[in-house]
Amino acid sequence: NAHEKGGRPFNFVKRSTFWKYFCQYFPIELVKETDLDPNKNYLFGYHPHGIISVGALGNFASEANDFSKKFPGIRLRVLTLPSNFRIPFFRDYLLSLGLASVSRGSCNAILKKGPGYSIMIVVGGAAESLDAKPNTHDLTLSKRKGFVSVALENGASLVPVFSFGENDLYSQIPNPPGSKLRSFQTFCIKYFGFATPLFYGRGIFNYVFGLLPRRHRIVSVVGKPIDVPKIPNPSKDVILEYHTKYVNALQELFEKYRPQYAPESKLNIVQ
């Protein structure tokens, strides 16, 4: 059950040449607003999900952009669906990157390991991937309050992270809410726990169609932490209070950097 206990990261995997080339392909960049105290715990919220959260892998799962040097003492674990750890060998590779399960038990186990231990949750999840389209920033966030509850229970400061360019790597077959395709995709999320976005990017020898992601700059901006009190059983009102603070901080982060990285776009919280 290593995926429920924080994975088993190996530096030689996280620092492998593959991840350097991976980040150079797009390219992927990491920007920080402030230092983080290594004596605290943090819960990073990553937005948007995109199709496969490329920026989260390049900037936070690997050390290609020197996360540990930019944030010394922060032992970050990127979390993903438990089902991803059922595939032999692929499971072991994810664990070697320090990826772990996004289950509540896993979150609590990591945050209780000691000072500096932190987690990253791609808050929008599978539902948000269905809205991942170029030149859009539609977030599934208004009803996602579980991550705030976890932060409160552990006294972990909330850190908003926005990755500009994450949604520009792939296009999707049109799937507006209410369409048959969207209804089927929503059915898959509800009953199987994963999304089925019909996406396409580029090919090896063409730029029009294929499964490779398009080369598009991704900039992950790590915002300022929101201090959170430790409350073993937080009330709905307290959860809502800190969820509102988080949403406001994320919107401010987006607007601050939008002129530089996405001047023609806007942020929409769709659900």
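## Charge

The chain carries 34 positive and 20 negative side chains, with Lys and Arg counted as positive, Asp and Glu as negative, and His and the chain ends left out. The centres of the two sets sit 6 Å apart, where a charge is placed at NZ of Lys, CZ of Arg, CG of Asp or CD of Glu.

A word on the ground rules: this is a predicted model, so local features need pLDDT of at least 70 and side-chain atom pairs count only at pLDDT 80 or more, while totals for chains, interfaces and linings use all residues. Residues are numbered from 1 along each chain as its sequence is written, and side-chain values use heavy atoms, leaving out hydrogens and water.

## Overall build

What radius of gyration does the chain have? It comes to 18 Å, which agrees with the value near 18 Å for a compact globule of 271 residues; the radius is taken over C-alpha atoms, and the globule rule is 2.2 Å times the number of residues to the power 0.38. Along the principal axes, the C-alpha atoms fill a box of roughly 50 × 45 × 40 Å. There are ten helices and eleven strands, these being DSSP runs numbered from the N terminus (H or I, at least four residues, for helices; E, at least two, for strands).

Of the 271 residues, 51% count as buried, meaning under 20% relative accessible area, with exposed over 50% and partly exposed in between (1.4 Å probe, protein chains only). The chain exposes about 13000 Å², and carbon and sulfur atoms supply 58% of that; the areas come from the Shrake-Rupley method with a 1.4 Å probe, and for residues only the protein chains shown count as cover. Among contacts (heavy atoms within 4.5 Å) with a separation of 6 or more, 78% link residues 24 or more positions apart.

## The seven-stranded sheet

An open sheet runs in the order β1-β10-β7-β2-β5-β3-β4, with mixed pairing. Its edge strands are β1 (28-32) and β4 (100-101), each pairing on one side only; two strands pair if DSSP finds at least two bridges between them.

Now for the parallel pairs. Strand β2 (residues 42-47) joins β7 (residues 157-164) over six bridges, and Y42 stands opposite S157 there. Five bridges tie β2 to β5, again in parallel, with G45 partnered by I121. On to β3 (residues 75-80), which pairs with β5 in the parallel sense over four bridges; R77 has I119 as its bridge partner.

How many residues of β5 (residues 117-122) are buried? Six of its six are. Y117, I119 and I121 point one way, and S118, M120 and V122 the other.

## Helix α8

Seven of the nine residues of α8 (residues 146-154) are buried: F147, V148, S149, V150, A151, L152 and N154. Their cover includes the sheet strands β2, β5 and β7, along with helices α6 (104-111) and α10 (236-261). Just after α8, G155 takes a positive phi of about 65 degrees.

H3 belongs to the segment before α1 (11-14). Is H3 buried or exposed? H3 is buried, because its relative accessible area is 13%. Setting aside neighbours within four places in sequence, H3 is in contact with F85, R91, L95, A100, S101 and S106. Two of these, A100 and S101, make up the edge strand β4 (100-101).
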